[in-house]
Amino acid sequence: MVIAHVSDLHLDGGSRAAERARRVHDHLAGLPGRLDAVLVSGDIADHGLPAEYAEARPLLDLPHPVLVLPGNHDTRAAFRTGLLDEPASDEPVNRVVEVGGAVFALCDSTIPGRSEGRLADETLAWLDDVLGDGPSFVCFHHPPVELHAPHLDRIRQFDEHRLAEVVRRHPGVVAVLCGHAHTAAASTFAGRPLLVAPGVVSTIQLPWEGPDVIDPAQPAAIAYHVLADDGRLTTHYRFVA
């Protein structure tokens, strides 16, 4: 199984974000091999506006199954109507999709009106119910661990011990996949790999790399997660120039 992992498009009606997202679209659409899924882990829109989701629709039109979930810049009602063709609602956007025998639990880690994240009690109960015995991926926007970048760690996912308890109850969880950080990163969470997608719209600098938060010279980037038949997961990161 091969999963392309994309995050943080931040489409805002401007040419810069649109051009970078278009490069990623064209890269994925032009692959000679088929992907099992493309996961887009949030912040698709920059302001959560209907026009931004209309802009996103053709950029998410790919010859592969596309799985989307919201980030803190998205708004639940407009996300639902603009990307999922569902009635507007401010309830958490939680969805489960099965692809190639693997379950993708797409969790809403957003807190409306806030930058940081937290899984609501109803989301955790739902997650505990949808994770079965087979291979599964737990997906959301906010990393539930510190990434050693202070400006990011202040707005990560909190109360993560509740999530860890759920993940530990389900040995089929292969990995936890998220975005939000605008940097490719790998860690562990509840004994599983925690893999953070790089950003499409921008890349952050880490504290020891310089004083600027954003490095505008870095191109858009994506991750490829490869799940082998023996259950081993391998991740490759690619720039998309």
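A residue is called buried when its relative accessible area is under 20%, and because Cys107 has a relative accessibility of 0%, Cys107 counts as buried. The model described here is a predicted one, and it holds zero disulfides. Cys107 takes part in no disulfide, the nearest cysteine sulfur being that of Cys139, 7.3 Å away. Cys178 is likewise in no disulfide, and its nearest cysteine sulfur, again that of Cys139, is 9.4 Å away. With a relative accessible area of 0%, Cys178 is buried.

## The annotated domain

The unreviewed UniProt entry lists residues 1–183 under "domain: Calcineurin-like phosphoesterase". In the model, this span is 31% helix and 19% strand, and its end C-alpha atoms lie 24 Å apart.

## Nonpolar cores

The largest nonpolar core has 30 residues, of which Val6, Val24, Leu28, Val38, Val40, Ile44 and Phe79 touch the most other members. At least two residues of this core come from each of β1 (2–6), α1, β2 (37–41), α2, α3 and β12 (220–227). For Val24, once residues up to four places away in sequence are set aside, the contacts are Val6, Val200, Ala220, Ile222 and Val240. In soluble globular proteins, nonpolar side chains tend to be buried together.

Within α2, the residues Glu52, Tyr53, Glu55, Ala56 and Leu59 are buried. Because they cover an arc of only 155° around the axis, these residues lie on the same side of α2. An α-helix has 3.6 residues a turn, so residues three or four places apart point the same way.

What covers the buried residues of α2 includes α1 (15–29) and α3. On the face turned away from the buried side, α2 carries the exposed residues Pro50, Ala51 and Ala54.

## Aromatic pairs

The structure holds two aromatic pairs. In one of them, the ring centres of Tyr53 and Phe79 are 6.0 Å apart and the planes stand at 85°, so the pair is edge-to-face. This pair links distant parts of the chain, with Tyr53 in helix α2 (residues 50–59) and Phe79 in helix α3 (residues 76–84), 26 residues apart. Tyr53 counts as buried at 1% relative accessibility, and Phe79 counts as buried at 0%.

Phe104 and Phe137 form an aromatic pair that is stacked, with 5.0 Å from centre to centre and 20° between the planes. Here too the pair links distant parts of the chain, since Phe104 belongs to strand β5 (residues 102–106) and Phe137 to strand β6 (residues 136–139), 33 residues apart. Both Phe104 and Phe137 are buried.

## Positive phi angles in two loops

Most residues other than glycine have a negative phi, and most peptide bonds are trans. Asp43, although not a glycine, has a positive phi of about 55°; Asp43 is found in the loop between β2 and α2, and at 2% relative accessibility it counts as buried. His148, which is not a glycine either, has a positive phi of about 65°. His148 lies in the loop between β6 and α5 (150–153), and with a relative accessible area of 55% it is exposed.

Methods. Residues numbered from 1 in each chain as written. Predicted model: local features only at pLDDT ≥ 70, side-chain atom pairs only at ≥ 80, totals over all residues. Heavy atoms only, no water. Phe/Tyr/Trp six-rings, centres within 6.5 Å; stacked < 30°, edge-to-face > 60°. Helix = DSSP H or I, 4+ residues; strand = E, 2+ residues; numbered from the N terminus. Buried < 20%, exposed > 50% of the residue type's maximum accessible area, 1.4 Å probe, protein only. Arc of directions from axis to C-beta. Contact = heavy atoms within 4.5 Å. UniProt positions renumbered as here; feature names shortened; annotations may be inferred. Disulfide = S-S within 2.5 Å. Core = buried A, V, L, I, M, F, W, Y, C linked by side-chain atoms within 4.5 Å.
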